[in-house]
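Open the model in your viewer and keep the selection panel handy.

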Amino acid sequence: MKLFSRLYLILIFALLYIPIGVLILFSFNSTANTGMLTGLSLYWYKELFSSPDTFVALKNTLVLALSAACISTVIGTAAAVGISRMKSKWAKKSVQSVTNIPMMNPDIVTGVSMMLLFVFVGGMLGLTEKLSFITLLIAHVTFCLPYVILSIQPRLRQMDKSLPEAARDLGCTPLQSFFKVELPTIMGGVVSGFLMAFTLSLDDFVISYFTTGSSYQTLPLMIYSMTKKEVKPDIYALSTLIILSVLVLLIITNVISARNEKRSRKEKK
Amino acid sequence: MKRIIELQNISKAFDGETVLDNISLEIYDGEFITLLGPSGCGKTTTLRLIGGFETADEGNVYFKGKRINDVPAHKRHVNTVFQKYALFPHLNVFENIAFSLRLQKVEKKEIISRVKEILEMVSLKGFEHKNVTLLSGGQQQRVAIARALISHPKVLLLDEPLGALDLKLRKDMQNELKNIQKQTGITFIYVTHDQEEALSMSDRVVVMSDGRIQQIGTPTDIYNEPVNAFVADFIGESNIVDGVMPEDQKVRFAGHTFECVDSGFAPGEAVDVVVRPEDVDVVSPEKGHLKGTVTAVTFKGVHYEIIVDIGGFKWMIQSTDYAAEGDHIGLFIEPEAIHIMKKSEYSGLYGDYSSFSDELEELSDADSVEED
């Protein structure tokens, strides 16, 4: 039995990680041969970075991810704080459910419905180019929001309810109390929410595909269009780089949340 | 004495449930006043009204003669020590204490010297750069007090500040708080459900129950002259029996007419009679006013706690003389040991020890702490 469970574990991990390993390996292949390793080289990385399109797409992706993460973090923090202050339990529960729906919704539905909305509103406003960076940004902020809210809420729940009162007692206006006491106390949640939003926006393809305009291309979209012509190993190189950066973000998020947990455990003592 | 805070006919309800019912209270400058009562009596709400965290449904709050109902918490010259301290976890000891001074834009040099001074007062010298989440309960408590006192408030509100500390530390902190209050001359408004704490620290005690003030007075007044059965029972132990006053300075209860020192009741008026357990002398049956059978004896260290059955009513006696279970003993009660109270809604609810057990008492104490 023990042997079986161990084998099962190995199989699962193999299925999960061998494809990624193969992809990384082949990104260092010296020829375009997909079936055989003919020698290791950084040729495809050089190829990748010599194309100006890649840089534009990379810049686009980063600009989008950063702005989407910033905006959704600000709105999400305000929303989480607002929800936590709601007095009626019923209202709290319903707002909570409504914010969670976009998470359950299939991306394709979110993407198509947003595209419809943007085209419709754009048409009403008489815009010639109905889909653009702005629509893409709105879409990304929308699907990142629930994750930001969810990562802040536990910190708010843990916070001693008399902290803001103590701040006001010592002379803070309600606004000062928020920035000087509440925000620093929930900062761990805010930062991990930001990172999560950043990562989600970075690798989104489906929703971006429907909501961006022709002039604004992100990396995932570019990779998709590259595969339509011919699968070249420079896609592998690009994917490898994306995997590495997501991995780094993941490690940072985990370190932060581990630190938060440690601190809250200390507080409880 | 100068009045510093005045509550006038305050009423307050949460979700239709009355928490404060027409409360009026005057608090004088520089006094140590304690709001005492069981959980749910409205004491914490009263404190929060003064601190500006709740608003009264009816009635007025005055600070130095000015109505402050609508003044927000951050503009009141009143600071609070919260029940769970509410120290800011992201700031160290120094920054926690300096918090209000920084808001007031006090000069850096002055902040440093004032924090140093107050840390010495609460005996936390050298703790400036410690992380507040790593301090012990007693140390956190001191930081909370220092933080509330540093901006020299006129009034300090303390909401069961010693509730989370162990007994020994509690006694030490009681003395320290009293000393700090004397040193600074700041008015302390203290909330507790611990009657011993209230009696030992306060200049005046306000006994509350069911959203109403039952009695206001000095600790000795409250203990010796409780106004009704609730106060008599809540403050210390008491035997409360039904009695009748046939004339002034005479009271009849438990089948015997006693001399007493109270007067001013109508002839034949039904009253509640309070006799403190420590004021009863155990004598031989023929010498006593009352005779009864011992049903339980507990050794308490300083004295024995003896439960005596007299005609079906169980009395509690505290005596240094031992009496064994089943003994017939006499009880001797001096006129000064008898206190007469008018009948009230609390008559008959308290003061009988038939169902008394130490364990029960402790259990209910623990409950009330948690509820708060």
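The tour goes from a helix to the chain contact and then to a tyrosine.

This is a predicted model, in which local features need pLDDT of at least 70, side-chain atom pairs count only at pLDDT 80 or more, and totals for chains, interfaces and linings use all residues. Residues are numbered from 1 along each chain as its sequence is written, while chains are lettered from A and ligands numbered from 1 in the order in which they are written.

**Helix α5 of chain A.** Select residues 107-125 of chain A: these 19 residues form α5 and reach 26 Å from first C-alpha to last, close to the 27 Å expected at 1.5 Å a residue (1.5 Å times one less than the number of residues; helices are DSSP runs of H or I, at least four residues, and strands of E, at least two, numbered from the N terminus). Now colour A:Thr110, A:Gly111, A:Met114 and A:Phe118, the buried residues of α5(A) (buried means 20 or more other C-beta atoms within 10 Å, exposed 12 or fewer, partly exposed in between, with C-beta atoms placed from the backbone). They cover an arc of only 95° around the axis, which puts them on the same side of α5(A); the arc is that of the directions from the helix axis to the C-beta atoms.

**The chain contact.** Next, show both chains: 18 residues from chain B meet 16 residues from chain A (contact means C-beta atoms, placed from the backbone, within 7 Å). On chain B's side, α2(B) gives the largest share, 3 residues.

**B:Tyr62.** Finally, select B:Tyr62 in strand β4 (58-63) of chain B. B:Tyr62 counts as partly exposed because it has 16 C-beta neighbours inside 10 Å. B:Ile5 is 57 residues away in sequence, yet 5.5 Å away C-alpha to C-alpha.

Terms used. Contact = placed C-beta atoms within 7 Å.
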